[in-house]
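Biologist: I am new to this structure and would like a close look at a single part of it, the sheet. Please take me through how it is put together and what packs on it.

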2 protein chains.
Amino acid sequence: MLSKSRISLVRSLKHKKFRMLNGLFVAEGEKIVKDLLTTSPEKNFFNIDSIYATSEWSAKNKNGIIAGPDITEVPDEELKRISSLITPNKVLAVVRIPDFKQDKDLIMNDLTLVLEDIQDPGNLGTIIRIAHWFGIKQIFCSENSTDIYNPKTIQSAMGSLWSVKVFYTELSSFIKYYYESTDLPVIGTFLKGISIYNRQPVTKGLVVLGNEARGISEKLVPYMRTRVTIPAYNENSRPDSINVGMSAAIICSELRRDKLSHSK
Amino acid sequence: MLSKSRISLVRSLKHKKFRMLNGLFVAEGEKIVKDLLTTSPEKNFFNIDSIYATSEWSAKNKNGIIAGPDITEVPDEELKRISSLITPNKVLAVVRIPDFKQDKDLIMNDLTLVLEDIQDPGNLGTIIRIAHWFGIKQIFCSENSTDIYNPKTIQSAMGSLWSVKVFYTELSSFIKYYYESTDLPVIGTFLKGISIYNRQPVTKGLVVLGNEARGISEKLVPYMRTRVTIPAYNENSRPDSINVGMSAAIICSELRRDKLSHSK
């Protein structure tokens with residue numbers, strides 16, 4: 001039996017305010033939690049506070065678990081009470097919000113995504129998944145972006161949340177630093193720019209994507225060394241824009257293409 | 001004032017059953033409706049049954065409208081009653097569900113998307129938008145796919161709904177026909193296959209994407225002439241899959257790349 005105060009704590013974590021206050025968030029869903037619990041400790045960036053599961057799930061899975069505390073078995077009804085999902089779920093983990101350290105060497109030697117004011121949790125989640133697919137290990141978000149520990153972001157990021165480090169930071173000083181003190185490429189995505197298909201090859205740099213409605217803001221524009229665009233097939237018949245998750249997918253694919261087309 | 005029966009008709013259209021019964025669907029949101037009403041009649045595939053707007057919206061926009069019936073002005077509260085959106089909106093159109101004719105010449109000479117059992121309305125909507133961006137004019141969905149006239153699909157497809165023809169059909173006989181009677185490329189996307197970056201160039205063909213969880217079903221597999229995949233950057237550290245909308249974006253971008261990289 002979970003205590004009343006524990007139940008109310010877990011339930012409160014669907015709100016950002018209480019996540020910040022307690023330094024905790026909830027990860028739900030069999031696949032997502034299993035990915036977390038079966039990541040070897042040295043590869044795992046996250047500390048697990050507690051795991052709640054049905055006895056059935058626990059019996060089936062506990063031998064494969066290599067990370068985290070013991071499972072607390074709870075009845076179905078209790079799991080439902082602490083869950084923020086509509087569909088019934090069998091396991092839920094309470095996880096500590098990490099305090100990642102930026103890896104500057106990695107920034108100087110690999111691609112890094114920079115996201116300004118992404119508002120839709122589903123978009124942020126799918127961008128994390130695409131970053132993971134294309135081997136991008138760090139993402140920097142503006143402070144006004146949607147929260148990565150929002151239940152919807154976690155659902156759409158799926159297990160990729162455990163493999164990509166996401167930072168929130170004041171973007172103009174972050175980008176300005178690399179613009180002024182290094183020669184690292186800073187590539188902004190715009191509706192007008194150099195075709196992404198005709199770009200100079202790059203293996204490293206900051207790749208900046210803007211807000212869903214407004215794009216990259218004026219205060220970041222001066223630091224973009226290159227402005228790229230995804231050209232439409234027919235400029236006279238095209239949507240005003242494409243979804244930012246789609247743009248991220250196409251741009252990551254293009255930037256990793258040189259390496260990937262030689263490796264297979 | 002709208003009659004009670006009219007209000008209940010419009011409200012009922014959020015359910016597929018009543019859309020099918022009445023042959024009507026609802027398009028909401030300023031941008032989406034404006035795109036519909038300002039498409040020249042010869043390019044417009046849709047017949048508009050009625051338009052409901054606030055007097056303010058009507059005064060501002062009626063001169064630019066080149067398609068559809070007169071606007072019925074309704075008070076804010078009434079528009080709210082017939083709307084299925086949470087955020088207040090200023091205009092709503094009731095549109096006839098079209099009975100498109102397949103353009104076989106276009107299938108034989110251009111790229112066509114084929115979607116099997118896409119379940120998420122947001123995914124279907126963003127795929128329609130990406131198809132529009134990359135100049136793909138016809139999409140064929142299996143009969144078990146989510147309904148394109150679902151309010152969520154319409155929101156995520158945005159104005160692209162008006163420019164891409166979406167058909168629902170029994171896919172195995174549809175694909176079998178082209179496989180057996182023509183030499184049209186039939187390209188299936190899988191987790192294992194030829195790297196999309198190393199494919200043979202194609203300018204036409206059926207491009208098949210499968211269900212979010214199961215991929216392309218066994219009954220369609222025999223008709224795939226080519227199996228392509230989007231390679232991950234690191235096979236030892238990657239998500240199990242990427243979102244089907246992301247796959248569609250990357251594949252459309254790749255297949256249109258040859259033309260696009262020469263045109264700019």
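**The sheet in chain A**

Modeller: In chain A, strand 2 (residues 48-53) and strand 4 (residues 91-96) form an antiparallel pair with five bridges. One position to look for in this pairing is A:Ser50, which has A:Val94 of strand 4 of chain A opposite. Bear in mind that this is a predicted model. As a general point, the strands of a sheet pair through backbone hydrogen bonds, and the pairing is either parallel or antiparallel.

The pair belongs to an open sheet of four strands in chain A, where the order is 1-4-2-3 and the pairing is mixed. At the edges of this sheet are strand 1 (24-28) and strand 3 (71-73) of chain A; each has a single partner strand, so one side of each has no neighbour in the sheet. From one strand to the next, the twist averages 25°.

Next comes what packs on the sheet. Helix 3 (residues 30-37) of chain A does so, and touches strand 1, strand 2 and strand 4 of chain A. The direction of helix 3 of chain A makes about 115° with that of strand 1 of chain A.

Definitions and conventions: Residues numbered from 1 in each chain as written. Chains lettered and ligands numbered in written order. Predicted model: local features only at pLDDT ≥ 70, side-chain atom pairs only at ≥ 80, totals over all residues. Pairing = 2+ DSSP bridges. Helix = DSSP H or I, 4+ residues; strand = E, 2+ residues; numbered from the N terminus. Axes fitted to C-alpha atoms, helices over the stretch in contact; angles between N-to-C directions. Contact = placed C-beta atoms within 7 Å.
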